[in-house]
Amino acid sequence: MKKEAILIGYSGHGYVVADALICAGYSIKGYLDTAEKENNPYKLVYLGTEDSDSASIALKSTGFVVAVGNNAIRKTITEKLIDKEFFSLNIIHPSAIISGSVKMGTGVMVMAGVVVNPFAEIGDGVILNTNCTIEHECKIGSYTHIAPGVVLAGNVTIGENVFVGANSVIKQGVTIGNNVIIGAGTVIIRNIPDGATVVGNPGRIIK
């Protein structure tokens, strides 16, 4: 029987998630969003908002994916639906390479070309975006977004609600705190405290 999923959020990042779902063999039952979208490239059925009665009926029998890049919004929606005992799916693009020793939470999205090497740990609701590399024994906290092309060298620890911008590189053994923003192309060579914003090569804290 064909696997089914409901997409929550249908624009931009949602298109990437929709493609990953299809490539992974899922049939997309429909999408939930704040309003029906004029642009509907995958010809999906609009099922209402996540709080609507129609959404509740659909979610009783079908797992969901929150296709929202913003960490805080993704966490809020996911936890609200899990509290209602709906099921959050892990989506792994078939071109991704994931070691059998990796530990992974729920609601994780692994996009095309991602590599996750041995003994890495990935928290709930994490996005591993296109072509990022997560080396051995890295730990990534819940509701963090690793953008396209990022490289985490071995034994990197990243907290919760972190955004690591595209093509950034984090040196082996570095620890990144919670609620950190790392700008695109940043090279991190030392530990970063909670709440910091970091840019540049080498990375410097600007906030």
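User: How is a residue's exposure read, and does glutamate 85 count as buried or exposed?

Analyst: Buried means under 20% relative accessible area, exposed means over 50%, and partly exposed lies in between. This is a predicted model. Glutamate 85 has 73% relative accessibility, so it counts as exposed. Its place is in the loop between helix H3 (71-83) and strand E4 (91-92).

User: Which peptide bond is cis?

Analyst: The bond from asparagine 201 to proline 202 is cis, with omega near -5°. Proline 202 belongs to the loop between strand E21 (197-199) and strand E22 (204-205).

User: Now the whole chain. How many helices and strands does the secondary structure come to?

Analyst: There are three helices and 22 strands in the chain. The radius of gyration is 17 Å, close to the 17 Å that the globule rule gives for 207 residues, so the chain is as compact as a globular protein of that length. Along the principal axes, the C-alpha atoms fill a box of roughly 50 × 35 × 30 Å.

User: What share of the residues is buried, and what share of the accessible surface belongs to carbon and sulfur atoms?

Analyst: Of the 207 residues in the chain, 48% are buried. The accessible surface comes to about 9,500 Å², and 53% of that belongs to carbon and sulfur atoms. For contacts, separation along the sequence can also be read. Among contacts between residues at least 6 apart in sequence, 24% join residues at least 24 apart.

User: How many residues are in the largest nonpolar core, and which have the most contacts inside it?

Analyst: A nonpolar core is built from buried residues of nonpolar kinds, joined through side-chain atoms. The largest one has 31 residues, and those with the most contacts inside it are Leu128, Ile134, Ile170 and Ile176. Another core, of 19 residues, lies apart from the largest one; Ala18, Ala20, Leu21 and Leu44 are among its members.

User: What does isoleucine 134 touch, beyond residues up to four places away in sequence?

Analyst: With those residues left out, isoleucine 134 touches Val115, Val116, Asn117, Ala120, Ile122, Leu128, Ile140, Ile146 and Leu152. Leu128, one of these, is also among the core residues with the most contacts.

User: Which residue does UniProt list for "active site", and where does histidine 136 lie?

Analyst: The UniProt record, an unreviewed entry, lists His136 for "active site". Such annotations may be inferred rather than shown by experiment. Histidine 136 lies in the loop between strand E11 (133-134) and strand E12 (139-140). Its relative accessible area is 33%, so it is partly exposed. Leaving out residues up to four places away in sequence, histidine 136 touches Asn117, Pro118, Gly154 and Asn155.

User: A last case. Which side chain does threonine 62 join through a polar contact?

Analyst: The side chains of threonine 62 and lysine 29 are joined by a polar contact of 3.1 Å. Threonine 62 is placed in the loop between helix H2 (53-59) and strand E3 (63-66), and it is buried, with a relative accessible area of 4%. Apart from residues up to four places away in sequence, threonine 62 touches Glu4, Ala5, Ile6 and Lys29.

How values were computed:
Residues are numbered from 1 along each chain as its sequence is written. This is a predicted model: local features need pLDDT of at least 70, side-chain atom pairs count only at pLDDT 80 or more; totals for chains, interfaces and linings use all residues. Side-chain values use heavy atoms; hydrogens and water are left out. Helices (H or I, at least four residues) and strands (E, at least two) are DSSP runs, numbered from the N terminus. Buried means under 20% relative accessible area, exposed over 50%, partly exposed in between (1.4 Å probe, protein chains only). Contact means heavy atoms within 4.5 Å. A polar contact is a pair of N or O atoms within 3.5 Å; within protein, one must be able to donate a hydrogen and the other to accept it, and residues adjacent in sequence count only if both atoms are side-chain atoms. A nonpolar core is a set of buried Ala, Val, Leu, Ile, Met, Phe, Trp, Tyr and Cys residues joined through side-chain atoms within 4.5 Å. The radius of gyration is taken over C-alpha atoms; the globule rule is 2.2 Å times the number of residues to the power 0.38. Accessible areas come from the Shrake-Rupley method with a 1.4 Å probe; for residues, only the protein chains shown count as cover.
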